Amino acid sequence: MISVKEAFETIIAQVNEFPKELCVFDKSYGRVLAEDIVADRDLPPFHRVAMDGIAIALSAWHKGQKSFVIEGTQGAGSPCVSLQNSEGCWEIMTGAVLPTGCDCVIPVEYLKIENNIAHVVEEIQLQEMTNVHQQASDYKSGSKLISEGQRIEAHHISVIASVGKYEVEVYRIPRIAIIATGDELVAVDAQVAPYQIRMSNTYAIESGLHKHGFDQTMIFHLKDDKEQLHNKLRDILQDFDVLILSGGVSKGKYDYVPEVLDSLGVELKFRRVQQRPGKPLTFGVHTTTNKPVFAIPGNPVTAITNFRHYVVPYLNKCCSLPQRPSFAVLKSDFNFRKNLTYFLPVKIENIQGQLVADPCPTAGSGDYASLIGTHGYVKLDANTNYFAKQTLVPFYPW
Ligand SMILES: Nc1nc2c(c(=O)[nH]1)N[C@H]1C(S)=C(S)[C@@H](COP(=O)(O)OP(=O)(O)OC[C@H]3O[C@@H](n4cnc5c(N)ncnc54)[C@H](O)[C@@H]3O)O[C@H]1N2
Ligand code: MOO
Ligand SMILES: [Mg+2]
């Protein structure tokens, strides 16, 4: 049996970057960038007027001039004009190019305009480039604006659009099969006999995948039948990039999953992990295609925590998404005597900026209803069994 750290590292060592593809920028929300986004020109691209008013030459102002003859009116979207007389001005609008020969802008609120002359009637302090957003003052042409491995949100889209990237390179979303195994499982809308169980793990895993942006998913239900498992898994291995199985991996007579995977050419990298829940967690790689296969034990708390702990970081790493560790302090003392790493569900409170984790142990790994109201779990190390209040521990939000 290997440790949680070894299991995690074994899985991460199998990461293969997902292929890249082009995506039209306004359909790229939620995708992960597979290229850096670079400024194609200065930001701003010209000396951009920041207030509606008049553009003048500061030299005239410094000589004490307070009235300016208007040479013309310039709006945004027109080519740059020139001040002909250094004692004159241009009426200018926000977003316009600062006229050549001008080096500051006086807002219209400070002016009275009569007979084509702008008189400054309010007290104002002016310096070079007052009310002008100077060319390249934000970023120079060629600057990296967004790094690869960024999930694209609204503020990224505005940058992608403004640098003229009509198509962006993103990571292809893998096709993921979620496979429930078990004769006892029935569909959510089926009549359920007293000895049967409604299938729930697959839906929890699928929602978790969608939450993390992996929405190319399909759910299967296979019986505890070796031949059916073999034939269906063979086809699924062909059609999908990642397989997540639930159930059938422990030591029962009908737990066929590991031997069937083995017979299909999936090299099992480990079969048991020193953890609770999820001791029988199994992970393998299909030898000819390198496709990863996660076989998560069937108990529902195990399905949710093991999926979150191992599958999500694996998928994120395949598209260069950075892992962001989070920590919380325990709200109360906690004892765990087994020599296993414990994924302890918690409720999180934010107390003056510090995350405080209130332990919410379930009554076993079948007690999924106790996860309601929790925000994630903390990881408690195998080699300690008493965790005092205020101990800092890694926290994993669902
Ligand atoms: N002799 C031993 N028995 C067990 C061990 C062990 O080490 N020695 N490990 C226990 C642990 S830990 C777990 S976890 C389970 C794992 O079992 P399997 O992966 O073989 O899963 P199943 O036997 O198929 O099912 C277990 C349990 O989970 C329910 N289940 C399964 N799939 C779903 C689903 N999609 N939705 C909802 N519930 C599901 C299933 O009905 C069972 O109750 O083995 C222990 N036994
Ligand atoms: O995976 Mo089991 O959940 O430890 O009961
Ligand atoms: Mg079993």
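In this predicted model, 13 residues of domain 1 are in contact with 14 residues of domain 4. On the side of domain 1 that touches domain 4, β19 (275-276) and α7 (300-318) each supply at least two residues. Helix α7 provides the largest share of that side, seven residues.

Domain 1 consists of residues 4-18 together with 173-318, and domain 2 of residues 20-43 together with 138-171. Domain 3 covers residues 48-133, while domain 4 covers residues 326-397. The centres of domain 1 and domain 4, taken over C-alpha atoms, are separated by 25 Å.

Attention may now turn to a sheet in the structure. Six strands make up this open sheet, and their order across it is β7-β4-β6-β5-β9-β8. The pairing of the strands is mixed. At the edges stand β7 (104-107) and β8 (111-114), each of which pairs on one side only. On average, and with direction ignored, neighbouring strands of this sheet are turned by 40° against each other.

Strand β9, residues 117-120, is joined to β8 by four bridges, and the two strands run antiparallel. Within this pairing, Glu 114 stands opposite Ile 117 in β9.

Technical notes: Residues are numbered from 1 along each chain as its sequence is written. Chains are lettered from A and ligands numbered from 1 in the order in which they are written. This is a predicted model: local features need pLDDT of at least 70, side-chain atom pairs count only at pLDDT 80 or more; totals for chains, interfaces and linings use all residues. Two strands pair if DSSP finds at least two bridges between them. Axes are lines fitted to C-alpha atoms, for helices over the stretch in contact, and angles run from 0 to 180 degrees between N-to-C directions. Domain bounds come from an automatic or database domain assignment. Two residues are in contact if their C-beta atoms, placed from the backbone, lie within 7 Å.
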